[in-house]
Amino acid sequence: MDSKRPFEIAECRQAAKGLKSSWQDMAGSEALIRALVAERNGDTPLALFWTEVHRALCQENNAL
């Protein structure tokens, strides 16, 4: 994800699928950790991306 350009919702959903595949039930936690690290590094757009990924994971879990 290039944090210098706006992200697309489809990119968030794809990232959510990748995290879910790798981290299973910890995918949401991993997304939030990545958001925290990005924010701490001063990369607010990337932090917003990862929080949107977390939201996509939550929506997916609620759909089940």
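In the predicted model described here, A15 is placed in helix α1, where helices (H or I, at least four residues) and strands (E, at least two) are DSSP runs numbered from the N terminus. With a relative accessible area of 19%, A15 is buried; buried means under 20% relative accessible area, exposed over 50%, and partly exposed in between, with a 1.4 Å probe and protein chains only. Not counting residues up to four places away in sequence, A15 touches F49, W50 and V53, a contact being defined by heavy atoms within 4.5 Å. The C-alpha atoms of A15 and E52 lie 9.8 Å apart, although 37 residues separate the two in sequence.

Residues are numbered from 1 along each chain as its sequence is written. Because the model is predicted, local features need pLDDT of at least 70 and side-chain atom pairs count only at pLDDT 80 or more, whereas totals for chains, interfaces and linings use all residues; side-chain values use heavy atoms, with hydrogens and water left out.

The protein chain contains three helices and zero strands, and its pattern along the sequence is α-α-α. Of the 64 residues in the protein chain, 31% are buried. Among contacts between residues at least 6 apart in sequence, 58% join residues at least 24 apart.

The packing of α1 against α3 is considered next. The two helices pack at an angle of about 70°, with their axes 8 Å apart; axes are lines fitted to C-alpha atoms, for helices over the stretch in contact, and angles run from 0 to 180 degrees between N-to-C directions. This angle makes α1 roughly perpendicular to α3, since angles under 35 degrees count as roughly parallel, over 145 as roughly antiparallel, 65 to 115 as roughly perpendicular and the rest as oblique. The crossing of α1 past α3 is right-handed; a crossing is termed left-handed if the near helix is turned anticlockwise from the far one by less than a right angle, and right-handed if clockwise. From α1, the residues I9, E11, C12, A15, A16, L19 and K20 take part, meeting F49, W50, E52, V53, A56, L57, E60 and N61 of α3. By class, the residues of this contact divide into 10 nonpolar, one polar and four charged, with Ala, Val, Leu, Ile, Met, Phe, Trp, Tyr, Cys and Pro counted as nonpolar, Asp, Glu, Lys and Arg as charged, and the others, Gly among them, as polar.

Helix α1 (residues 9–23) also approaches α2, the axes coming within 8 Å and crossing at roughly 120°. The two helices are therefore oblique to each other, and α1 passes α2 in a right-handed crossing. In this contact, L19, K20 and W23 of α1 meet A27, E30, A31 and R34 of α2. The contact of α1 with α2 comprises four nonpolar, no polar and three charged residues. The loop between α1 and α2 includes Q24, a residue other than glycine whose phi has a positive value, near 45°.

Within helix α2 (residues 27–40), E30 counts as buried because its relative accessibility is 14%. The side chain of E30 is joined to that of R34 by a polar contact of 2.8 Å. Such a contact is a pair of N or O atoms within 3.5 Å; within protein, one must be able to donate a hydrogen and the other to accept it, and residues adjacent in sequence count only if both atoms are side-chain atoms. When residues up to four places away in sequence are not counted, E30 touches L19 and W23.

A31 likewise lies in helix α2, and at 0% relative accessibility A31 counts as buried. Leaving aside neighbours within four places in sequence, A31 is in contact with L19, W50, V53, H54 and L57. The C-alpha atoms of A31 and F49 are separated by 9.2 Å, the two residues being 18 apart along the chain.

The remaining pair of helices is α2 and α3. Helix α3 covers residues 44–63, and its axis comes within 7 Å of that of α2, crossing at roughly 165°. The two helices are therefore roughly antiparallel to each other, and α2 passes α3 in a left-handed crossing. On the α2 side, A27, G28, A31, L32, R34, A35, A38 and E39 meet T44, L46, A47, W50, T51, V53, H54 and L57 of α3. This contact has 10 nonpolar, four polar and two charged residues.
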